[in-house]
Amino acid sequence: MSVPIMTLDKVRKSYGDSVAVHSIDLEIAKGEFIALMGPSGCGKTTTLRMLAGLDKPSAGEIRMWSRVMNDVPAWERDTPMVWQSYALFPFLSVLENVEFGLKQRRTTDAVGRRAKAMEWLDRLGIAGMAGRGIDQLSGGQRQRVALARALALEPEVLLLDEPLSALDAHLRVRMQTELARLHGELGITFVYVTHTQSEAFAMANRIVIMSEGRVQQIGTPQDIYRAPATRFVAEFIGASNILSGTLKESGAGGIVIENALGRFRSAGATGIAVGQDAAFVIAADKIALTRAADPAEPGLDAVTGTVAAEEFIGAVVTIHVDLPDGRSMFVQKQQNEVGRLGLARGDEVRLAWHPQDTFVIPG
Amino acid sequence: MDVTPPKRSRPRIDRFAVFWASPSLVWQVAFFVAPLVVLVWMTFWRVKNFKLEQDFIPDNWIRIFSSGFFYDAFLYTFWMALVAAVLITLIAFPAAYALAFIASPRTRTLAIVALITPFFTSYLVRIYSWQIILAEKGIINGVLGLAGISPVNIIGTSTATMVGYVTLALPLVLLIQLFSLSMVDKRLVEAAYNLGCGPLKTVFKVVVPSARVGLVIGGTFAFLFAFGDYVSPLFLGGSKPPTLSILITDQVKSGNNWPRAAVVAVVMVITLMATLTVMSAVAYRRRGGAR
C-alpha cells in the first residue's frame, strides 16, 4: 500500500478514568470506503470525531498523508462530516446551508459559490428545495442537504456518522445505493460509522469491527463474514455457529477440537496451544441439512439434533436445531431446499459440513 | 386494519384547565384589564379647580400632543430604553455565553443563584447604593481623587440613569440569554467548526442565530424595564431631562391633572405593546419562505 491518506497510529482516547478508544492502529487508503462498525459505546464515533478534529487523541498520532493532525483544530481541516442528526443550520435556507462551508473557504466569489452549491443540490436531486427552510424538509431530503453541504467542499475524505440511522427502512436502502454510487463516481475516501451490518456489508470495501474501544478485526466484508477473527466478531455478525471445546490436535493435518458432541476438524492454522479452550466457527449457510435417517455423506463432520424452530426471512429460512448436549445451532437455507425435506418441529436431522469451511478462534 | 376515525365532538371546555387558570385570569382582569379600561376612559375627563370630573372631551389628548415637552420626553425615554436594551444585551452576552458553553455545571448553578439573588433586594435600595457610589463626593470620585484626577459629574446625568437601567435589567436579561444559549444545539457548533468556521465566527454565524429568540426577548425585556422605570431617572438621573414616567408624576403632582397623566400612560402602554408585537415577530420570524 502506498502512503495512506489517513493513518491512526496507536491512537488512544480517554476521559478521566474511562477509556473510549484503547489503542487503535489503522491505515486508510485513498479512495477506500471504510466502515467502522460495532455496538454503541465501542469507540467508533470517538474515532471518527478524532479524525474530524472534534476530539483530541490522548495519546498516539493521527496523520493525513504524512502531516500530523493531532494539534490541527477542526476548522482548519478538510474532513467534512455528515451527522446522524444532520446538524443542518435551521436558521439558514437549504442553499445557504450548502454554501456555508464554501463561504469559509473563500476560494470563489458569491456567484461561483452559488453555482457550486446548486450543482451539488442538483446532483443529489434536491435543487428544487434550494429556497426552503430546513424545517420544511423530510428526513430523506435533510439527509441529502447534509451530504451536499459536506460534498460541496470537494474534500479528499468524507466522514459519515451513522448517516442513515434516522431514515425509515426503504429510504435507507435507497440512500445506501446512492452513497455507494457517489463513492464510485467521486473517488473520495469515505469513512463510515455504523452499527448496522447490512449498511457496512453493502457499501464498504473494508470493515473495522470495534468493541469496547478496541479493534476486533479489520478486513473485507467477505473476510469478516467468512472468517471472523474473534468470538466477539462471530457473535456480532451473527451469521455463524460457534461451538467451543478443547483443542486436541494442531499440526499439518489440521486442527481437531473435541467437545461433548464429538471431534471436529478444521483446516486453518491457529496460534492456540493443544489443550487450551478453542471454538470452531461454521457459517450457517455452509451447513448441509438432511434427515438423520438419511445416509451420511463421507468426508464431512456432522452432528445430529432435533428441529426446534423455523424462521422465514424472504426466500431464506433459518432453522434452529437443538443438539443433544443442550447447545443449539442454526442453519440457513433457501426455502425451496428446505421445503423438499418437509421438516417439522421435533424431527431428527443431521447437520454436516466440510472441515475446510470451518476455522478456529480462541475459546 | 379497521380504524374508525374518532368522532368530532363539540369542543368541550376543560373544567380542570379552567379551574387552575382562573386565579391568574381573574387577577389579570381585575388588576390589569379593568384599570386599563378606566385609564383610557380617564383620558377624556376634565380637571376643574384641581378636581377630577367625569366628561368626554378630547382636550387632554390635544394638549399633550401639541406640547413640545411631551415629544422631547417621549423621544428621550425611547432612546434611553433602546440604548439600554442594546447595551445590556451586549454586556450580558459574553457572560451568558461563557456560562452556557465554557463553565462547569457547578459554576453555572452558582451563577444562576447569584443572578437570582438581586431580585430579593429592593430595587430602590440598590439605586440608593449607586447614589453613594456615583455621588459628587462618592466612591468613584474618591478613587479618582486619590489618583489625582479631578472629579467627574456622574450623578444627575443620563449616564447615571443608564447605570440604574443596567442594574434593573441585567440579571434578568443574563438569565434569559443563559437559558436560550444553553438550548443551542452543540452539534451545530461542531458542524460549523467541521465546515471550516473558526470559533469566534461561529459565535456570530451559528450561536447568535440559534439563540435569536432568547437574545431578542432579553433585549425586549430590557427595553420594557427601562422604558417604564421611574426610580432610576429620578434618583440617579435627577429628572433631567424628564422621562415619560416622570412626566406622569409631574402631571399628577402639579395640578392634580390625572387625565393628562393618563394620556401619557396610555401612550406608554401602546408603545410597549407595539414594541412587544414587533419584537416577537422579529424573534419568531421563520426562514425559507418559499411555499
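This is a predicted model: local features need pLDDT of at least 70, side-chain atom pairs count only at pLDDT 80 or more; totals for chains, interfaces and linings use all residues.
Colleague: How far does helix α5 of chain A reach from its first C-alpha to its last?
Modeller: The helix runs over residues 169–186, which is 18 residues. At 1.5 Å a residue, 26 Å is expected. The span in the model is close to that, at 26 Å.

Colleague: How many helices and strands does chain A have?
Modeller: Helix α5 belongs to chain A. The secondary structure of that chain comes to nine helices and 20 strands.

Colleague: What box do the C-alpha atoms of chain A fill?
Modeller: The box is taken along the principal axes. Its sides are given roughly. They come to 80 × 45 × 35 Å.

Colleague: Among contacts in chain A between residues at least 6 apart in sequence, what share join residues at least 24 apart?
Modeller: Start from the contacts between residues at least 6 apart. Then keep those that join residues at least 24 apart. That leaves 63%.

Colleague: Which helix gives the most to the side of chain B that touches chain A?
Modeller: On that side, 18 residues of chain B are in contact with 21 residues of chain A. α8 (186–194) and α9 (199–210) of chain B each supply at least two. With six residues, the one that gives the most is α8(B).

Key
Residues are numbered from 1 along each chain as its sequence is written. Chains are lettered from A and ligands numbered from 1 in the order in which they are written. Two residues are in contact if their C-beta atoms, placed from the backbone, lie within 7 Å. Helices (H or I, at least four residues) and strands (E, at least two) are DSSP runs, numbered from the N terminus. The expected span of a helix is 1.5 Å times one less than its number of residues.
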